[in-house]
Structure formats: C-alpha cells, structure tokens
Amino acid sequence: MQISVVVTATSKAPSFPTFHRLIKNQLQSNPLKHTHNLSFHTDTGISPPAAVKGGPSTVAGGFLSAIERVIDEEDYRRARAEVNRKGIDVEGYSFEGMSVGGHETCVVVPQLKCAFDIGRCPPKAVQQNFLFITHAHLDHIGGLPMYLATRGLYNLKPPTVFVPPCIKDDVRKLLDIHRSMSQVELSLDLVALEIGETYELRNDLVVRPFRTHHVIPSQGYVIYSLRKKLKKQYMHLQGRQIEKLKKSGAQITDTILCPEVAFTGDTASDFYIDPKNADALRAKILIIEATFLDESISVEHAREHGHTHLSEIMEHAQWIRSKAVVLTHFSPRYTLEDIRKGVSKLQSKVPAKVVALTEGFKSIHS
C-alpha cells in the first residue's frame with residue numbers, strides 16, 4: 001500500500017535531511033505500537049491541511065499516524081482472512097475444498113499432493129497430482145474431465161487417477177466422449193485399485209482402498225507413510241554392531257505402514273463394524289461423511305440412501321482410534337450452527353479432535 005505525504009510550500013520548508021531526522025527522532029522517543037482498535041477505513045492518505053498545519057513536526061506525526069493505520073489495516077485483513085478461510089489444519093495436514101451432500105465433494109490435501117473425489121473441480125484440486133475417486137455419482141466424479149483439461153492447459157504432468165475397478169471402463173468411455181467433443185487430449189494414468197491392494201505413491205507413501213457401503217459400488221482410501229523399524233533380533237546390539245551388519249548387506253529393519261489419512265466418501269454406517277477397516281479407523285486423521293445431523297431425518301432414511309447419520313457415528317465412536325476426525329458431506333438443509341452442534345455432540349463421545357469442513361454452508365445470520 002502506498003502512502004503519500006503532501007507538503008505545500010511554506011516560508012521555511014524543511015529540507016529532506018531535516019525531515020528525515022524529525023522522523024528518526026520521533027521514532028526513538030515514541031516507537032510505533034500496535035493498537036487493538038482495528039480500523040475499517042481503507043483511506044490511509046493524509047489530507048493536505050493536516051500535512052502542513054503546525055510545521056515539520058506535524059508532517060512527521062501525520063506520516064507516522066498513516067503508518068500506524070496501514071499496520072492496523074494489515075492486521076485486520078489478516079484476521080478477516082483467517083475468519084473467512086474454511087479450510088482445516090490438524091495434525092500437520094491441511095484440508096481444503098467443499099463437501100455438500102448431493103452437490104459436490106472434493107477434499108484436497110496439499111501436503112500429499114492429492115484430492116479425494118473431484119466434485120466440480122475446484123481450482124485448488126487442479127494442482128494435485130493424485131486423485132482418488134470413491135464412486136461414480138456426479139457430485140463426486142463430475143469434474144473429472146475439467147480437472148484433466150485444466151491440468152493440460154497449464155502443462156502439468158498427467159495425474160494418476162484411482163477408481164473402483166468396476167467403473168474403469170466406463171470412465172475411459174466418458175473421457176473418450178469428451179476427447180471427441182472437445183478435441184483435447186485429457187492425459188492421465190487411470191488406475192483401477194482393488195480393495196486391499198497397495199499402490200506406491202512415492203518412496204515414503206502408499207495407498208490402499210477399503211470397503212464402504214453406498215447404494216452403488218464404492219470404496220474409501222487410506223494413505224500410509226512408510227517407516228523403518230529395527231528388527232527385534234537386533235534391538236540388543238550397539239550402534240557399531242548395527243552399522244557393521246548394515247554394511248554387510250543384512251536386512252536389519254522392517255517396513256512399518258502407518259495410516260496417516262483415511263477418507264470414506266459416501267457410506268452407510270456398516271463401514272464402522274467391518275474388521276477389515278481397522279486401519280481406516282486408526283488413521284491419524286479420519287475423514288468421514290455425516291450427511292444427517294438431527295432427528296428431522298431418521299437413521300432408516302440415511303441407511304436407505306447409503307449414508308450415515310450422526311447418531312450412528314456416536315454409537316460406533318468406540319471404534320475410532322484417530323487423533324482427529326473431519327466431518328464432511330452434510331446435507332444442504334443444515335446451517336453452520338447445525339454443523340457446530342453436531343461437532344460438539346460427537347466431540348463428547350471421542351477423544352479425537354473433531355472438526356468439520358464447512359465451505360459452502362451459511363449461517364442463519366447471513
């Protein structure tokens with residue numbers, strides 16, 4: 001932001017060095033302090049009368065006042081940006097995007113360079129190299145052609161897109177139609193990943209799908225970090241002995257899979273009682289759907305449509321071993337206040353930190 005000081009000619013106008021010394025002296029005797037009274041004004045200029053009235057010291061004082069206003073307004077803008085930001089930061093990961101039931105779902109994790117489902121292809125998703133599609137409903141997969149076309153437009157490398165095996169051929173046909181209509185290449189590496197199959201994303205990350213229960217074929221995903229752990233038979237050895245074994249070519253460590261982030265997508269609550277889903281339920285961060293939050297919609301209705309009611313999550317809360325739970329996919333009937341109530345209810349049942357992705361929802365006061 002530019003600050004202009006207008007000085008009109010006077011009988012004894014100060015030279016530039018004098019003006020510089022005045023500011024320096026003022027700063028030393030009365031250093032700038034942050035004020036807690038945030039200004040809503042955007043006009044930080046100094047009016048000409050204020051700039052000249054009272055001589056050089058007033059000019060310096062007005063200049064400093066303008067600097068203080070700039071600092072105040074910058075603090076205010078940062079504070080407002082934080083309030084307006086709907087993303088989530090938990091356990092070392094950031095989560096952004098939108099998940100409104102029936103409208104669109106796309107959850108982006110920049111640290112992993114991935115997106116879960118693509119919704120209508122929000123801008124943030126375009127930069128992610130890995131895309132995990134849970135099922136073929138349009139509010140979860142509809143933005144796929146746009147995602148590929150936009151990456152091509154910006155000369156980004158073809159992404160790796162994971163889909164349930166049963167829809168791979170249909171996805172290929174869908175993309176062929178768009179290629180024919182738009183005469184655009186739509187490059188990608190399309191991977192059909194079976195339940196329980198492991199795929200290496202990079203040398204320290206792998207992904208593995210798990211079974212979910214929606215009204216059409218679906219699957220969730222767990223992303224694991226890979227860690228090395230010294231084998232039990234070598235734990236009694238000292239450093240030099242371990243180093244000697246290592247140099248001899250002996251395999252002295254085991255590779256441990258640590259579940260970092262799990263994403264369910266749309267699913268009925270049967271997901272919670274499937275023993276094969278234990279890794280998802282103990283992931284550091286568990287991202288789950290909570291389509292219905294109150295008694296206005298019954299559990300039976302939720303199950304009939306392949307979704308989960310908040311009361312069911314609370315019922316199965318004993319199985320959740322995660323450090324953080326991210327609630328998503330709320331019905332558009334709910335407000336921010338409804339969602340906050342739901343978060344509070346679940347928080348009382350689990351030791352994990354419970355948060356919600358609320359982009360796309362409004363307050364009753366808005």
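## A buried aspartate without a salt bridge

In this predicted model, Asp117 is buried but forms no salt bridge. The nearest side chain of opposite charge belongs to Arg120, 13 Å away. A salt bridge would need a nitrogen–oxygen distance within 4 Å. Asp117 sits in the loop that runs from strand S4 (114-116) to helix H4 (123-126).

Polar partners are present. The side chains of Asp117 and His140 make a polar contact of 2.7 Å. A polar atom of the Asp117 side chain also lies 2.8 Å from the backbone nitrogen of Thr134. Beyond residues up to four places away in sequence, Asp117 touches a set of residues that includes Thr105, Cys106, Val107, Leu131, Phe132 and Phe263.

## Aromatic pairs

The model has 9 aromatic pairs. In one of them, Phe132 and Phe162 are stacked, with 4.9 Å between centres and 15° between planes. This pair links distant parts of the chain: Phe132 is in strand S5 (residues 130-132) and Phe162 in strand S6 (residues 160-163), 30 residues apart. Phe132 has a relative accessible area of 0% and is therefore buried. Phe162 is also buried, at 0%.

Phe330 and Phe361 pair edge-to-face, because their planes stand at 75° with ring centres 5.8 Å apart. Phe330 lies in the loop between strand S13 (324-328) and helix H12 (336-347), while Phe361 follows strand S14 (353-356); they are 31 residues apart. Both are buried.

## Ring cluster and a charge over a ring

Ring pairs join Phe116, Phe132, Phe162, Tyr199, Tyr221 and Phe263 into a cluster.

Arg208 lies over the face of Tyr224, 5.2 Å from the ring centre.

Conventions: Residues are numbered from 1 along each chain as its sequence is written. This is a predicted model: local features need pLDDT of at least 70, side-chain atom pairs count only at pLDDT 80 or more; totals for chains, interfaces and linings use all residues. Side-chain values use heavy atoms; hydrogens and water are left out. Helices (H or I, at least four residues) and strands (E, at least two) are DSSP runs, numbered from the N terminus. Buried means under 20% relative accessible area, exposed over 50%, partly exposed in between (1.4 Å probe, protein chains only). Lys and Arg count as positive and Asp and Glu as negative; His and the chain ends are not counted. A polar contact is a pair of N or O atoms within 3.5 Å; within protein, one must be able to donate a hydrogen and the other to accept it, and residues adjacent in sequence count only if both atoms are side-chain atoms. Contact means heavy atoms within 4.5 Å. Rings of Phe, Tyr and Trp (its six-membered ring) pair if their centres lie within 6.5 Å; planes under 30 degrees apart count as stacked, over 60 as edge-to-face and the rest as tilted. A charge sits over a ring if NZ of Lys or CZ of Arg is within 6 Å of the ring centre and within 35 degrees of the ring normal.
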